[in-house]
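Okay, let's get going. I'll walk you through the fold, then the sheet, then the salt bridges.

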Amino acid sequence: MRIGVVFPQNEIGADAGAVRAYGQAAEELGFRHVMAFDHVVGADPAVHQGWAGPYDVRSTFHEPLVLFGYLAALTTLELVTGVVILPQRQTVLAAKQAA
């Protein structure tokens, strides 16, 4: 069985040192993978009336493929996407990032 962690998108913020510390701590604790969700655009309360979710358009969301490139240089964790929203991306750019 391989047990991993979910990357704390909303909670960790934009601090690269915090991202590094999280990835390295997950690896040191014996987790096998880190999973990140893709949110190309956030939920805009002005458009989605009554939105009361945990994030909105002002929330920090790391782009998962760039995040994984960073973590791959620092850890040996497997890198897993929970969701990748391909229709909101340029096809060639998504292929290049994934490669």
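From the N terminus on, the elements go β-α-α-β-α-β-α, which gives 4 helices and 3 strands in the protein chain. Those are DSSP runs, numbered from the N terminus: helices are H or I with at least four residues, strands are E with at least two. Bear in mind that this is a predicted model, where local features need pLDDT of at least 70, side-chain atom pairs count only at pLDDT 80 or more, and totals for chains, interfaces and linings use all residues. Residues are numbered from 1 along each chain as its sequence is written, and side-chain values use heavy atoms, with hydrogens and water left out.

The 3 strands make an open, parallel sheet in the order 1-2-3; two strands pair if DSSP finds at least two bridges between them. Strand 1 (5-6) and strand 3 (78-83) are the edges, each with a single partner strand, so one side of each has no neighbour in the sheet. Strand 2, residues 33-37, is joined to strand 3 by 5 bridges. If you want a spot to look at there, Ala-36 sits opposite Thr-81 in strand 3.

As for contacts, meaning heavy atoms within 4.5 Å, take those in the protein chain with a separation of 6 or more: 76% of them are between residues 24 or more positions apart.

Now the salt bridges, that is, a side-chain nitrogen of Lys or Arg within 4 Å of a carboxyl oxygen of Asp or Glu. The structure has 4. Which side chain meets Arg-2 in a salt bridge? That's Glu-78, at 2.7 Å, N to O. Arg-2 is in the segment before strand 1 and Glu-78 is in strand 3, 76 residues apart. Arg-32 also bridges to Glu-78, with the closest N and O atoms 4.0 Å apart. Arg-32 lies in the loop between helix 2 (16-28) and strand 2, so this pair ties together parts 46 residues apart in sequence.

How covered are they? Our cut-offs are under 20% relative accessible area for buried, over 50% for exposed, and partly exposed in between, with a 1.4 Å probe and protein chains only. Arg-2 is exposed at 52%, while Arg-32 is partly exposed at 39%, and Glu-78 is partly exposed at 30%.

Then there's Asp-38 with Arg-89, 2.7 Å from N to O. Asp-38 is in the loop between strand 2 and helix 3 (64-74), and Arg-89 is in the loop between strand 3 and helix 4 (91-98), 51 residues apart. Here Asp-38 is buried at 3%, and Arg-89 is buried at 15%.
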